[in-house]
Amino acid sequence: MYRNRSPGRTFLIVILILFAFAGAAVLLGSAVFSVQQIEVNGTVLITPEEVVRLASLEGAPNIFRVRVDRVTAGIEQSPYLKVDSIEKRFPDTIVLNVMER
């Protein structure tokens, strides 16, 4: 059956939803989720700095905005590297597991 809601209750629900979206936007833009650590595993001849450069992870991007497919494509531009796995460890670490070919 149809329930008749009061205008005050509907207004409160709308306000709560707006606050939830605003909170999510603040968290996505905050420094709490900026990538501060990048671990590179599996390299011997190629430096970890070169892997990070190929992955385009310089400048402390937000961890939620890091696209694993783009990081993989960037690293695999090098004919000497293959990505084994990429792991996001919240709140601020990305682990790049690569293999040298």
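The following conversation goes through a predicted model of one protein chain.

Student: Which helices and strands does the protein chain have, and how many?

Tutor: The model is predicted, and its protein chain has three helices and three strands.

Student: In what order do the elements run from the N terminus?

Tutor: The order is α-β-α-α-β-β. The radius of gyration of the chain is 21 Å, well over the 13 Å that the globule rule gives for 101 residues, so the chain is more spread out than a compact globule.

Student: What box do the C-alpha atoms fill?

Tutor: Along the principal axes, the box is roughly 70 × 30 × 20 Å.

Student: And how much of the protein chain is buried?

Tutor: Buried residues account for 28% of the 101 residues. The accessible surface of the chain is about 7,200 Å², and 61% of that surface belongs to carbon and sulfur atoms.

Student: Changing topic, which residues touch the most other members of the largest nonpolar core?

Tutor: They are Val51, Leu57, Val71, Ile75, Ile94 and Leu96, in a core of 19 residues. Two or more core residues come from each of helix H2 (48-55), helix H3 (68-75), strand S2 (81-89) and strand S3 (93-100). Helix H2 gives the most, with four residues.

Student: Why might such side chains come together?

Tutor: As a general matter, nonpolar side chains in soluble globular proteins tend to be buried together.

Student: What is Ile75 in contact with?

Tutor: Apart from neighbours within four places in sequence, Ile75 is in contact with Val51, Leu54, Ala55, Leu81, Val83, Leu96 and Val98.

Student: Where is Leu96, then?

Tutor: Leu96 lies in strand S3.

Student: Is Leu96 buried or exposed?

Tutor: Leu96 is buried, because its relative accessible area is 0%, and the cut-off for buried is under 20%.

Student: Which residues does Leu96 touch?

Tutor: Not counting residues up to four places away in sequence, Leu96 touches several residues, among them Ile38, Val40, Val51, Leu57, Val71, Ile75 and Ile86. The list also includes Glu39, Asn41 and Ser85.

Student: How far apart are Leu96 and Ala25?

Tutor: Leu96 and Ala25 are 71 residues apart in sequence, and their C-alpha atoms are 27 Å apart in space.

Student: Back to the protein chain: what share of its contacts join residues at least 24 apart?

Tutor: Among contacts between residues at least 6 apart in sequence, the share is 58%.

Student: Lastly, how many positive and negative side chains are there?

Tutor: The protein chain has 11 positive and 10 negative side chains, and the centres of these two sets are 18 Å apart.

Definitions and conventions:
Residues are numbered from 1 along each chain as its sequence is written. This is a predicted model: local features need pLDDT of at least 70, side-chain atom pairs count only at pLDDT 80 or more; totals for chains, interfaces and linings use all residues. Side-chain values use heavy atoms; hydrogens and water are left out. The radius of gyration is taken over C-alpha atoms; the globule rule is 2.2 Å times the number of residues to the power 0.38. Buried means under 20% relative accessible area, exposed over 50%, partly exposed in between (1.4 Å probe, protein chains only). Contact means heavy atoms within 4.5 Å. Accessible areas come from the Shrake-Rupley method with a 1.4 Å probe; for residues, only the protein chains shown count as cover. Lys and Arg count as positive and Asp and Glu as negative; His and the chain ends are not counted. The place of a charge is taken as NZ of Lys, CZ of Arg, CG of Asp or CD of Glu. A nonpolar core is a set of buried Ala, Val, Leu, Ile, Met, Phe, Trp, Tyr and Cys residues joined through side-chain atoms within 4.5 Å.
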